[in-house]
Structures are given as C-alpha cells and as structure tokens.
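Student: Please show me the structure. I would like to go through the terms used for it.

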Amino acid sequence: MHYELYVDSLFFLNFIMNLYLLMLVDQTAYGMAGRGRLLAGAAVGAACFLVPFLLTAPAALKLFLGMAAGTAGMLCIAFPVKSLRMFLKLLERLVLYSFGLGGGMLFLLRCLPGLRNYLTGVMGILGMGGLICLLFGRFRCRQDMDHSLYRAVLSREGKRVETTALVDSGNSLAEPISGKPVCIVGRSLFDSFWGKGTESFRAIPYHSIGKKKGILPGFLLPGLQLETEGMVYVFTDVYIAVSEEVIADNAGAESVNMIINPGLFAKSVVGGRKKRQNERHNDSESDDTGQDSV
C-alpha cells in the first residue's frame, strides 16, 4: 500500500498541537515561558516528529528517538529548566495534557459521527484541539496556587536568607506609586538580613479585618527566588512590607515567615503579559494603587 505524506501539512499540524500543549503547561507554570519560547519549542517538537521519516532504523526505534528528542527539546526550549526535577515535573504535566487533549478529540469524534470527514482533516483537528485547549484553560486547568507553600530565598547585598513562604490571595497589597504587588515578611526575618539601611523605603497602606487602615514600612528587595515541586521562579526588585505581627499565626503554619502576593505571577490571558514584578519601571509609571487589603 502506498501513502503520500505532505511534509508542510504534517509540520504545521504538529506545530499547532505542540503549541496548544505548551500553552497549557505554561498556565500551570504561572506563565514562566515567553511567547517566543513557546513558538520555538513547538517548532522544535514538530521538526523532531519528522525524524522517523529520515532515519533508516527499526520503526520502533525511530519513533522513540523522534518522540524523545521532540519532547525534551520542546520543554527545554520553552521553559528555563534548572534541574532534572523541574524537567520531570514539566514532563508530567505535558503527558497529562497530551492524554487529555487526545481523549477530548476522540470524545468529539464519537459524539459527532456525521462530521467525522471534516473533523479528521487538518483544520478539523486543529479546531478540535483549540476548543479543548480553551476549555481546559477556561475551567481552571491552571493549578490552584492559593495557600501554596514555597521555599523562598531572599537576597540583598550578598546576604541570603531562606524561609517558608505562603502564596495567599488575601494579600493584595500594592506599592502606592508604581502599583506593583507587595509581599509581607515578619520583623524577625527582615532584621536577620536587611540591616539598618533605609534606602528605597516606601509607606505601604493597608486595611484589614479588625483594623480599618494602617501603614506598613516597605522596602525594595533586590532578589527573590521561589521554589516548589522542582519549579523555580526568580524575581528581581520585589517590594516587601514588614509586619510586626507574627505571620505564622495568620498563616496557620509555624515555619511561615513570608506572605507572597499572587500578583507576582500575574499574566494576562489575552493581549500579552501584564507588567511583572521582575521588570523595572519608573516609579511614576502609574497612578493606580491597586488593592490594599491584607
């Protein structure tokens, strides 16, 4: 039996499907990959899919090499992989979404037998994949990061201190001039590495249950690294507010000394990225003070 394969159509189909999968994985990674990296990763994966057609080896070996090279290339190019553990975590999510995407497409084919001839074409496959990808994103395919614990490393002028941090949507503090998100640290943790410097001081307004309004002293932290389940996130110039109250009691965990504002991970769904904390801007860039609840 003779088959004709059109390389351009095959590449295009795999490129778009890879892009769908990488976008889903990126949502669970809090927008770690940039748009260009996602496109490059999807292209590498599509190119590696063509490897079995170019090699002279047993079919099973060719298929394995193509899939292994494509999968590893996709993830390493799309995401800043820093460890084997991080790679395995991304791989786990990619595999889960691959099965979910494939299962969803089979479900649509069974539910719409009259449209099978259209749905099995290139545009039909891409349409089904796009619809399922949209549904996954719509129904919170992104992991719930509220009340998630992280290992945090705070750095300033050569000093580094580690602590356990809690991501809490109840913290919506914003620096009043730039509108950037503000994280909260306990006084003991702050004093252990900051010293007596008062440069980059900010007054951070807040309100909370039991106290209508108040002011927290805030400072610009040069470096912050967050790690959880092998995923590493690095931020620069993060505003922190110093709380005189014991954070552990509020968080319900004795070892927690820092409350992370979820705005650090903020990313717009449509129209590109929002301003992220690790992007520097003039303090006069915005008059939007955002929310100031804690």
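This is a predicted model: local features need pLDDT of at least 70, side-chain atom pairs count only at pLDDT 80 or more; totals for chains, interfaces and linings use all residues.

Tutor: Residues are numbered from 1 along each chain as its sequence is written, and side-chain values use heavy atoms, with hydrogens and water left out.

Student: How many aromatic pairs does the structure hold?

Tutor: The structure holds eight aromatic pairs. Rings of Phe, Tyr and Trp (its six-membered ring) pair if their centres lie within 6.5 Å; planes under 30 degrees apart count as stacked, over 60 as edge-to-face and the rest as tilted.

Student: Why is the pair of F11 and F15 called stacked?

Tutor: The ring centres of F11 and F15 are 6.3 Å apart and the planes meet at 10°, so the pair is stacked. Both residues lie in helix α1 (residues 7–28), four residues apart, about one turn of the helix. Helices here are DSSP runs (H or I, at least four residues), strands likewise (E, at least two), numbered from the N terminus.

Student: What makes W194 and F219 a tilted pair?

Tutor: Their ring centres are 5.2 Å apart and their planes are at 50°, so the pair is tilted. W194 lies in the loop between α7 (187–193) and β4 (202–208) and F219 in strand β5 (residues 211–228), so the pair ties together parts that are 25 residues apart in sequence. F190, F193, W194, F201 and F219 form one aromatic cluster.

Student: Why is W194 called buried?

Tutor: Buried means under 20% relative accessible area, exposed over 50%, partly exposed in between (1.4 Å probe, protein chains only). W194 has 2%, so W194 is buried. F219, at 7%, is buried too.

Student: How do you know that R156 sits over a ring?

Tutor: The rule asks for NZ of Lys or CZ of Arg within 6 Å of the ring centre and within 35 degrees of the ring normal. R156 lies over the face of W194, at 4.0 Å from the ring centre.

Student: Why is F64 called exposed?

Tutor: F64 has a relative accessible area of 56%, so F64 is exposed. F64 is found in helix α3 (residues 59–78).

Student: How many disulfides does the structure hold?

Tutor: The structure holds zero disulfides. A disulfide is a pair of cysteine sulfur atoms within 2.5 Å. C183 has 0% relative accessibility, so C183 counts as buried. C48, at 15%, also counts as buried.
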